[in-house]
Amino acid sequence: MLFDDYFSLNAVVWLFLAAFMIHDFEEIIFVESWMNRNYERLRPLIPGPGQKLFKDMSNVKSSQFAVAVFVEFILFVPVTYLAAERGIWALFIGFNALLFVHVFTHLGQSILLRSYTPGVVTAVAVSLPRDGAATWLDLLTYAPLGLLLLPVVLAGHKLGKKVVPD
């Protein structure tokens with residue numbers, strides 16, 4: 001039996017929200033303690049352009065990270081609704097194209113640092129897209145819309161610092 005025999009495309013689209021949260025729960029749970037344990041050891045391995053981001057992430061609290069995830073989730077609910085219930089796919093595919101790239105950033109971080117990094121397990125096991133959901137042309141066409149997610153992520157992290165001060 002094939003995956004399609006058990007789940008409709010509509011159900012798979014709604015399951016995106018669950019996959020997103022499972023992945024981000026891994027990050028929320030582990031990011032603060034992992035960074036506290038590994039920052040000094042890994043800092044010299046980070047290439048120059050990534051140093052500032054790595055430093056900024058070094059003092060993030062899990063609760064601050066959770067605020068950023070909440071902001072993203074609030075955006076993903078109507079985008080998922082539009083795709084699953086109204087057939088309006090552009091933002092959903094664009095956001096998923098960006099999240100597809102995000103999977104490989106987790107893999108790349110783990111390879112570069114020769115270490116587990118928060119989110120890598122669920123990025124591969126849960127978040128990596130499955131065959132047949134969208135074509136490569138869809139991904140390429142709507143990927144630029146995925147970039148709209150970046151300011152939302154940054155704003156979420158900024159809000160997290162305000163809502164949960166250091």
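1. Welcome to this structure! By the rule used here, the count of salt bridges comes to three. Please keep in mind that this is a predicted model. As background, side chains of opposite charge can pair when their charged atoms come close.

2. Let's start with arginine 43, whose side chain meets that of glutamate 40 in a salt bridge, at 3.3 Å from N to O. Arginine 43 counts as partly exposed because its relative accessibility is 33%, while glutamate 40, at 53%, counts as exposed.

3. Lysine 52 and aspartate 56 both belong to helix 3 (residues 51-58), where they sit four residues apart, about one turn of the helix. Their salt bridge has its closest N and O atoms 3.0 Å apart. Lysine 52 is exposed, with a relative accessible area of 59%; aspartate 56 is partly exposed at 37%.

4. Lysine 161 and aspartate 166 also join their side chains in a salt bridge, at 3.8 Å from N to O. Here lysine 161 is partly exposed, at 31% relative accessible area, and aspartate 166 is exposed, at 64%.

5. Now to a pair of helices. The axes of helix 4 (residues 62-86) and helix 8 (residues 149-163) come within 7 Å and cross at roughly 140 degrees, so helix 4 is oblique to helix 8. Their crossing is right-handed. Residues making the contact include Phe65, Val71 and Leu75 of helix 4, and Val152, Gly156 and Lys161 of helix 8. By type, the contact residues divide into eleven nonpolar, four polar and two charged.

Notes. Residues are numbered from 1 along each chain as its sequence is written. This is a predicted model: local features need pLDDT of at least 70, side-chain atom pairs count only at pLDDT 80 or more; totals for chains, interfaces and linings use all residues. Side-chain values use heavy atoms; hydrogens and water are left out. Axes are lines fitted to C-alpha atoms, for helices over the stretch in contact, and angles run from 0 to 180 degrees between N-to-C directions. Helices (H or I, at least four residues) and strands (E, at least two) are DSSP runs, numbered from the N terminus. Angles under 35 degrees count as roughly parallel, over 145 as roughly antiparallel, 65 to 115 as roughly perpendicular and the rest as oblique. A crossing is left-handed if the near helix is turned anticlockwise from the far one by less than a right angle, and right-handed if clockwise. Contact means heavy atoms within 4.5 Å. Ala, Val, Leu, Ile, Met, Phe, Trp, Tyr, Cys and Pro count as nonpolar, Asp, Glu, Lys and Arg as charged, and the others, Gly among them, as polar. A salt bridge is a side-chain nitrogen of Lys or Arg within 4 Å of a carboxyl oxygen of Asp or Glu. Buried means under 20% relative accessible area, exposed over 50%, partly exposed in between (1.4 Å probe, protein chains only).
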